[in-house]
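The following explanation is intended for a reader meeting this structure for the first time. Please keep the sequence and the model in view while reading.

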Amino acid sequence: MDMNQTNHLKAYGITFNALNKGIKADWLLNYRGGSFLLDYNDRIAAGCRLEGVTFNQVSFAEATDIYSFVQSDDNNMDVIRLEKAPKIAVYVPPGFQPWDDAVTLVLEYANVPYDKIWNDEILKGDLEKYDWLHLHHEDFTGQYGKFYASFSNAQWYIDQQIQYEQNAKKNGFKKVADMMKTVSVIIKNFVGQGGFLFAMCSATDSYDISLSAQDVDIAAQMYDGDAADPGAQSKLDFDNTFAFTEFNLEMNPYIYEYSDIDIQPIEVGNFDNDYFTLFEFSAKYDPVPTMLTQDHVSVVRGFMGQTTMFRRSRIKKSVIILAEREGTDQVKYIHGNYGRGTFTFYGGHDPEDYQHAVGDPPTDLALYKNSPGYRLILNNILFPAATKKKQKT
Amino acid sequence: MILRIFITIVFSTAFLFAQNNGLLNKYALAQSYEHSGDLEKASKIYEELYQREPQNNLYFESLNRTYVHLKNYAASVNLIEQEITRKAKDINLFGLLGSTYYLMGNEEKAYQVWDEPFSFLEPNPVFYRVIAAYAVERRAFDKAIDLFRRGKEISPDKIVFSYDLARLYSLTMQYENAAEEYCVILSNDPLQLQNVQTKILANANKPGALKVTIPVVEQYIDGDNLSFSFLLARLYIENKDFDKAFEMYVNIDEKQSQKGVELYRYADFLFREGEYEISKNVYQSIIKLYPGSPLIPSAKLGYAKSLEAILMEDYSNQIPLWKPYFAFEHYESDQVTEVIDAFNEVAGLYKNSEASYEALLRIGMIKFYLQNKRDEAKQYFNKIINKAVMSESTADAYSELGEIALFNGNLAEAEKNYSRITVSAKINQHKINDAKYKLARVKFYNGDVQTAQKLLAEILKNLKDDSANDALSLSLLLNTSKNDSANIMLFAEGEFLADQKKFSKAANKYELIAENPQAFILHSIASIRLAEMELALNNYPRSIGLFERVVEEGEKNIYADKALYLLAQIFQYGIGDNAKAIEMYEMLLAKFPASIYIDRARNEIIKLREKIS
């Protein structure tokens, strides 16, 4: 799927839905920007036309040539067999959201089926029904996104706080922060048992902070009723986290930031220079990071979020960096393993809305059919479908 | 002796000053520690200060605050209890003590402490508000509601408590109870309507809120207190229950003797919302109920416009808008007469006003497009032109006269009318460009290609104008065919006939060009026009054959994708074979992936598939 593809995003939906119907697909890593090869049938062809997805019909001989070319040692390419589409859950609170979620948007746009789940479902063990879980802008620290200074009088903020408090009460927790900590641990266990976690924006750092602060109160009075532990910083347990370590909490409840993991807007600098570069991995030796970085461009326009990018010095050594701003310590996209599962964190809120603010209208993806930033999200829903190959290293 | 006393006083004062200064410095130091987060050190200094001056409230509050921040709740409890022994009637101390117990997680004890002062203090509604504030701060909303309720019972000012209660009920999604409190407020003070309405509507979109709020307000309807009627009417509108809202406004107008003011506002609102059937009824009611009202002329205009909007919705459903060309259908119904009568009445009432000219224009258009009574239509348009040179409706009247002239085959008359628009300084640029485009076509039909191209070039100076696309298409056609004067003139004749809706004759002209493969681009456009003429004549089999021929030409004919799209439309709307229509649309997607009809085809496929399933 190189620049000739008319709708990259819907191509993922076509492939995902074909897998759901029991049709096998091959992901030709790095071949023409990372392409999918499926057995021809009229329904798939009609589906591609209906969705505006460009496809080429190839003969058996041509397909053989392609396989041979892709698998040749001379090319940094490989074939990955996709067998079973993962069952997807997206973690979102019920009811209206004052802003939108890039993953939900792109899943809807690409016609990829998913379920919405929230704390009730997670706490009663429903995660075991799913293979893939997405977290977006939720705050796992129980500080309601740290929007207090700007939005404490806004109706949506007041409603949100009540909603969380009632939810915590219903589930037997005195504090929202305590419920979120429990939810974080359950999600961690889900990954440990083989689940795939994909988090964006503030769900990335707030999730890891929550894991590190299991035994300490980091939420100020306006968030959970009592004061934060003044010695909270020294009580964080970084062994519990997935991706981040040695970070410093932002304990001031009036500052819209959780910690020093996130890169500040001033550090990002000029809007015009905000691009991040995808690393090129060896397709044959590192198929997972290669799948996660399949794109038709290698330099992608940056985008902000409550958590925009991650500070390199706060990322654990065991974590693979998938994309960064070259020449800086700003990392956009990371991946790692935990137990039998994996996690992938992607900074920023909406790949096609540079500075998405509360109350902004959602992005119309029909205008961004070839979005490389959104494509990275969709790589994440297909890579769990890959058949595990014996690693060459 | 005097000197000794003086010295003693001076020294004592200096000692006290130094002592106070020292305490203040210590207090400042403790605050610094507290702000820097070193609560342990701050607490130690506050303890020392409190021991030195236990009567100093500032030291007490600071010490308690640090205890709470350090989660040293036992110390906080001891401190406050100690303070209570000295100030047993200080209601705030009970509020603080209850808060500490609540933070400890001991809700039961917290509630008990918060209730305690009411057993021995004189009944005072303010005390309930004070303790409720502590409960709200701890987000113990149920307890706060209980306290506000009890305070309200003994308070002579119910309104202030009702506001507090309503706020907490809304916050905890008890909308029915909130509605009760808001109604209590309105019962006591109808002037609070705006305030109450704003607060209730803020929750109207919450799940289930409106459903439980309306029955509560209905119970409070009171002939003497119209604030409930206003509120209920607004809630009915929010709930899309327009008939009930109508009844409410009728009632309000009757009670207020306002001669339909509220009804008129309501009708206008409905018209803006596109609820024409109801707005028509409401305007009609004003006319019937208040014949002497000064609002009658406005109500009659609103009534006529509502009627017209309903008529146009019906008319649009009956004409084949999917066809590029179709014959004028004579559309006659009681509705048409009703609309014309209504506009005639407005024109009579509003003589020499914009409303009157607008009414004449609408009548003229109905006569022309719906009834095909061109001479009568001309009379209405001429009335506007003769009476109101400066009216906003004048340009439209000229344009319609131009259309009639074109339809009648009178190019000179059409040119004259369109030209009048292009030279007027009062008319907006969009209307001028529209007239220029029509004028360019007239020039083209007259064989004056050069002037036509000049006019089109003027339009194309602003590519954002609505007429720019049409101008571009015609300009391209004229440019590419300028060396083929015989065929271009033949094509102009065809176009002119098509404008006159003489489809059969137009088809003959187009056919001559379509049969000539040397005519290049004119061959392409004439081929599709020929098929479109047959389609206009409802000759589906022949039009299908002709469109298929264009499709077969593939890339040689730039209109092949359009032909395939129209084929699909014939099967969908003309023949009613949805499966075949889907097949055609899918073929369009397969053969012409870059066509401008792709998105429309996709939408139609999705729509048809849903219909079939």
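The model is predicted. In chain A, the domain assignment gives domain 1 as residues 8-82 and domain 2 as residues 88-385. The centres of these two domains, taken over C-alpha atoms, are separated by 31 Å. Where the domains meet, domain 1 of chain A contributes 19 residues and domain 2 of chain A contributes 24 residues. On the side of domain 1 that touches domain 2, α1 (8-20), β1 (25-29) and β3 (78-82) of chain A each supply at least two residues. The largest share of that side, 9 residues, is from α1(A). Sorted by class, the side of domain 1 that touches domain 2 holds 9 nonpolar, 8 polar and 2 charged residues.

Strand β4 of chain A comprises residues 88-91. I88(A) and V90(A) point one way from this strand, whereas A89(A) and Y91(A) point the other way, and all are buried. Two strands of chain A pair with β4(A). With β6(A), residues 132-135, the pairing is parallel and extends over 4 bridges. With β5(A), residues 115-117, the strands also run parallel, and 3 bridges join them. Y91(A) takes part in both pairings: it stands opposite L135(A) in β6(A) and opposite I117(A) in β5(A).

Attention now turns to the contact between the chains. Chain A supplies 13 residues to this contact and chain B supplies 17 residues. On the side of chain A that touches chain B, α2 (42-51) and α7 (155-170) of chain A each provide at least two residues. The largest share, 4 residues, comes from α7(A). This side of chain A divides into 6 nonpolar, 3 polar and 4 charged residues.

In chain B, helix α10 covers residues 158-171. How far apart should the ends of its 14 residues lie? At 1.5 Å a residue, the helix should span 20 Å; its end C-alpha atoms are 20 Å apart, which agrees. Among the buried residues of α10(B) are F161(B), L165(B), L168(B) and Y169(B). An α-helix has 3.6 residues a turn, so residues three or four places apart point the same way. The cover over the buried residues of α10(B) includes α9 (141-154), α11 (175-188) and α12 (193-202) of chain B. Just after α10(B), M173(B) adopts a positive phi of about 65 degrees.

Key. Residues numbered from 1 in each chain as written. Chains lettered and ligands numbered in written order. Predicted model: local features only at pLDDT ≥ 70, side-chain atom pairs only at ≥ 80, totals over all residues. Expected span 1.5 Å × (residues − 1). Buried ≥ 20, exposed ≤ 12 C-beta atoms within 10 Å, placed from the backbone. Contact = placed C-beta atoms within 7 Å. Domains from an automatic or database assignment. Nonpolar A, V, L, I, M, F, W, Y, C, P; charged D, E, K, R; others polar. Pairing = 2+ DSSP bridges.
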